[in-house]
Structures are given as C-alpha cells and as structure tokens.
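Please examine the sequence and the three-dimensional view below before reading on. The paragraphs that follow lead through the fold step by step.

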Amino acid sequence: MSGTYLGMPAFPEAAREAVGNTTLRGNLRHATHTIRAKRATAVAEVSDWAELREAGKRIKDHTLRHLDRYLVRLEESVTAAGGVVHWAADADEANEIVTQLVKMTGESEVVKVKSMATQEIGLNEALEAEGIRAYETDLAELIVQLGKDRPSHILVPAIHRNRGEIRDIFAREMSEWGRPAPEGLTDTPAELAEAARVHLREKFLRAKVGISGANFMVAETGTLVVVESEGNGRMCLTLPETLISVVGIEKIVPTWRDLEVFLQTLPRSSTAERMNPYTSTWTGTTGGDGPSTFHLVLLDNGRTDTLADEVGRQALRCIRCSACLNVCPVYERAGGHAYGSVYPGPIGAILSPQLRGTGSEIDASLPYASSLCGACYEVCPVAIDIPEVLVHLRERVVQGGEVTREGNKVVLRPAKGHAAERAAMRAARWAFTHPGALRTGQRTASRTRRFHPRTLPGPGRAWSGTRELPPVPAEPFRDWWQRTRGGKDGDR
C-alpha cells in the first residue's frame with residue numbers, strides 16, 4: 001500500500017485518545033446501532049441467507065484459486081469490448097498510470113466515484129501533486145474532503161461527524177471548492193443534501209474525466225459493476241468522455257450468474273436494502289452512449305502476497321459491505337481513524353497488515369485491535385473467519401517466520417516489544433509438557449493466593465491496566481477432581 005497515515009501511532013495509543021472523545025463515541029454508537037439493527041431486519045427476510053452466504057464464500061474461494069486464469073479472461077473481454085487494460089504492481093505504478101492518462105486528455109480536474117482502492121493508493125494526493133484536482137462526489141466522501149479529514153468507515157466515511165458538524169464544514173469550505181453553501185444553511189438532512197447536490201451538479205456537467213473503482217468485475221464479459229445509493233456514481237460513469245477505473249484484482253467474479261449472489265447479499269449487509277437504488281454496469285465503450293474512452297487499471301499492491309498465505313487469503317473475499325464494523329465493540333468505541341488505514345474495523349485489522357506488512361508500529365498492533373468475540377464472522381456475508389486470521393497474524397507478529405513480500409519468500413524477524421510474551425509462552429509450553437511441574441506450580445499458586453497482586457508488574461501492566469487479575473482458586477482443579485472423584489462425592 002502507499003503507507004500508513006503520516007504520524008499515526010500504534011492502535012492502543014490512537015484508540016485511547018479516541019475513546020476520550022465523547023462526541024465521537026456518541027456519533028459512532030448511534031450510527032452503528034442503527035445500521036446493524038436495520039441490517040438484521042433485512043437479512044431476516046431472506047429464508048436462504050445461510051445458503052447465499054456459503055455460495056458467496058465458495059465463488060470467491062474458487063475465483064482466488066484460479067485468479068490468474070480469470071484475470072487473463074477479463075483482460076481479453078475488456079479489450080474486445082473497446083477498453084484498455086493496465087496492470088499496476090503497486091500504488092506508485094497505479095498512480096503514475098492514472099496521472100498520465102488524465103494528462104493525455106489535457107484536463108486538470110476529474111470527478112470521482114467513491115473508491116476504496118483509490119484511497120488505498122493515495123490517488124487524490126498524487127493527482128494534486130501534478131496539478132490535477134479530484135472532486136469526490138459521494139456525499140460522505142465530499143464531507144471528508146471538504147473537512148480536510150480522513151474516512152473512518154468503509155460504507156459511511158463521515159460516520160464520525162454529526163449534522164451540526166457537517167453544516168459547519170459546508171458553510172466554511174464549499175466556496176473554496178466551487179459553488180458556496182446557501183446562506184442560512186441549517187443542519188436538516190434535506191437542506192444538507194440539497195446543498196451538496198447543487199454544489200456537485202456543475203462539476204458533473206463540466207468534467208471530461210471520471211475516475212471510479214468497481215464492486216465487481218465479470219470475467220466472461222469484461223463488465224464492471226458499481227452499486228450505490230445516491231446516483232452520483234451513475235453521473236460519473238456516464239457523463240465524462242474518459243472513464244478510468246482502478247480496481248483490486250480480487251474484485252473479479254467468473255460469470256454473470258455468480259454476480260447474482262452478491263447483488264443479493266451486498267445491499268442487505270451494507271445499507272440494509274433489498275437491492276441497491278443504483279446498480280451501474282458497463283462493458284468497454286459504446287459509440288454515442290457514455291464515455292468514448294475506457295481504461296481499467298488492475299491493482300495488485302500486496303494482494304498476490306496475501307493470496308500466498310493459506311490462512312490470511314480469505315480476507316480477499318471481502319466485498320466491502322462494512323457489516324463487521326457495525327457489530328464490532330472495539331470499532332464502536334475507538335472509531336475508524338485509530339486503525340491508521342483506509343480499511344478500518346475488523347476487516348482492516350486483517351487486511352492492512354497483509355497488504356502493507358507488519359513492519360510499522362501501527363500495522364504490528366492491528367491484529368490486537370479485537371476482543372476476538374466473533375461477531376464479525378457471524379455477520380460476514382462471505383464467511384471470512386476474521387478471528388482466525390487475527391490470531392494467525394498475532395503469531396506472525398510475535399514469532400516472525402516466512403511470508404511472501406513482492407512475490408518473494410522472506411523471513412520476518414519477531415516484532416519488538418514481544419520478548420516477554422514469547423518467554424511466557426515458552427514457559428507455558430514447558431509446564432504443560434511436564435505434568436509434575438505444572439501440578440506443583442498450581443498448588444503453590446493456590447497456597448500463596450492471599451499474597452497475589454491485583455495487577456501485573458512490568459510488561460504485564462499493558463494487560464492488567466484495564467482489568468483485574470482473576471482470583472486463583474483455593475484448590476487446583478486436578479486436586480479437586482481427585483478428591484471428589486469428579487464431583488461424585490460432593491464438593492466437600
């Protein structure tokens with residue numbers, strides 16, 4: 001990836017600051033509880049939800065196993081339909097390709113559909129460095145851009161803002177980007193939406209270049225799909241003369257029939273809708289209808305390295321519905337900015353350390369940004385076992401080991417700050433393989449329990465700083481079992 005957000009500390013420090021922000025916590029609690037309640041209702045309407053979930057998982061796993069074949073098929077289909085396909089190994093290459101394509105048109109501004117991939121590579125910043133201004137047209141992304149902010153949610157990037165804050169941003173910043181906000185703007189949703197609509201309309205009508213991502217790519221036809229709720233995507237995809245789509249290579253599905261599964265599960269899991277209000281599909285170019293030039297930039301940026309990990313690769317099934325964020329107790333309290341990535345929440349905690357590696361302090365801390373409660377797995381529409389991957393990545397951080405980086409096998413050194421944890425695990429392993437020593441240790445702990453501290457010293461303070469040590473029982477379980485014959489004689 002293009003790197004972490006500059007200046008971001010490790011997750012525990014960032015989360016500690018966010019938890020102290022009562023306004024942020026109130027905004028997040030209200031929004032996440034509302035979204036997940038509506039989602040539960042929408043999902044409950046579907047009698048075969050479990051079967052759809054399993055079908056989505058199998059389609060994604062099959063596609064990932066044969067990704068090379070389907071990507072070649074996609075390139076052939078897009079090219080046959082009049083499009084041009086570009087391959088980008090990393091963020092820098094993708095940014096260079098898009099920048100040069102925009103320059104070739106002679107334009108100095110572009111309109112954008114909401115796109116996680118372009119945020120991942122820092123495309124807006126790369127374009128700005130070359131004198132090209134990118135206008136976000138999704139309402140939440142517009143709020144983030146005008147507020148000089150960062151997205152904090154996959155589906156609702158401005159979830160951390162309330163209506164009063166949005167009104168102030170519009171009134172203060174809109175004039176710097178185009179049409180100013182109307183005088184006397186209030187914080188009612190209808191007025192805010194109208195102000196954004198009027199502000200964006202002139203950009204839609206003026207822009208000659210549009211930039212998008214895609215929710216799905218269909219290999220058999222070369223068709224790209226964008227689903228959205230506002231209609232801004234439809235404007236960006238149809239009005240400009242040139243359309244450039246930047247899409248991660250994992251967004252591919254083999255056939256139209258496969259797409260049918262995800263067009264049922266994605267809207268219910270994300271916006272709690274039976275279907276998306278706008279489902280836009282395009283296949284190459286068509287004379288007199290839509291853009292006359294279409295470029296598809298296929299983005300790797302760590303995805304093939306992730307694919308090489310048999311446990312971690314399931315993160316590539318993600319369809320960016322954000323259901324895992326809305327049920328996560330950690331995300332609800334810490335917010336999205338604490339994750340230091342465009343991918344926050346549980347999915348970000350397993351995706352970012354794989355795409356970027358665990359070399360930075362923030363990425364090494366993300367696998368620990370979870371209580372492992374499993375709520376994220378229960379709501380995932382493609383059955384990503386996020387807790388399993390979190391534990392897998394924690395092992396990688398603590399112990400190091402062999403991973404794939406830029407297509408090459410490398411051996412990671414254990415991350416700093418985990419020496420005590422490794423020593424404790426080695427001691428535990430030794431104790432569990434020596435029953436006599438384990439029994440002696442348990443009896444000693446029981447007999448000295450009156451003298452045990454309530455908190456741990458040294459590195460252990462990080463664990464006991466927010467919780468008390470559980471009391472040691474007066475008698476080890478093995479001794480109780482032997483004395484009572486497993487409770488048959490009563491617990492005397």
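Helices (H or I, at least four residues) and strands (E, at least two) are DSSP runs, numbered from the N terminus. By this rule, R356 is found in helix α16, which covers residues 345-356. The model is a predicted one, in which local features need pLDDT of at least 70 and side-chain atom pairs count only at pLDDT 80 or more, while totals for chains, interfaces and linings use all residues. Residues are numbered from 1 along each chain as its sequence is written, and side-chain values use heavy atoms, with hydrogens and water left out.

Is R356 buried or exposed? Buried means under 20% relative accessible area, exposed over 50%, and partly exposed in between, with a 1.4 Å probe and protein chains only. R356 counts as buried because its relative accessibility is 17%. In sequence R356 and P291 are 65 residues apart, and in space their C-alpha atoms are 34 Å apart.

The strands come next. Strands of a sheet pair through backbone hydrogen bonds, either parallel or antiparallel. Here two strands pair if DSSP finds at least two bridges between them. Strand β7 (residues 242-248) has 7 of its 7 residues buried. On one side these are T242, I244, V246 and G248, and on the other L243, S245 and V247, so that both faces are covered. Strand β4 (residues 209-212) pairs with β7 in the parallel sense over 4 bridges, and I211 has I244 as its bridge partner in β7. Strand β10 (residues 293-299) also runs parallel to β7, joined to it by 7 bridges; S245 has its bridge partner in β10 at L296.

A separate description applies to the open sheet of 4 strands in the order β8-β5-β6-β9, where the pairing is mixed. Its edge strands, β8 (252-253) and β9 (278-283), each pair on one side only. Within this sheet, β5 (residues 216-218) and β6 (residues 223-228) run antiparallel and are joined by 3 bridges, with L224 in β6 as the bridge partner of M217.

Another antiparallel pair consists of β11 (residues 401-405) and β12 (residues 408-412), joined by 5 bridges. V403 has V410 as its bridge partner in β12. The two strands form a hairpin with 2 residues between them, and E406 in the turn has a positive phi of about 55 degrees.

Attention may now turn to the interior. In soluble globular proteins, nonpolar side chains tend to be buried together. A nonpolar core is a set of buried Ala, Val, Leu, Ile, Met, Phe, Trp, Tyr and Cys residues joined through side-chain atoms within 4.5 Å. The largest such core has 104 residues, of which F11, F170, L296 and I350 touch the most other members. A second, separate core of 20 residues includes A94, I132, V246 and V297.

The end C-alpha atoms of residues 393-483 lie 42 Å apart, and the span is 49% helix and 11% strand.
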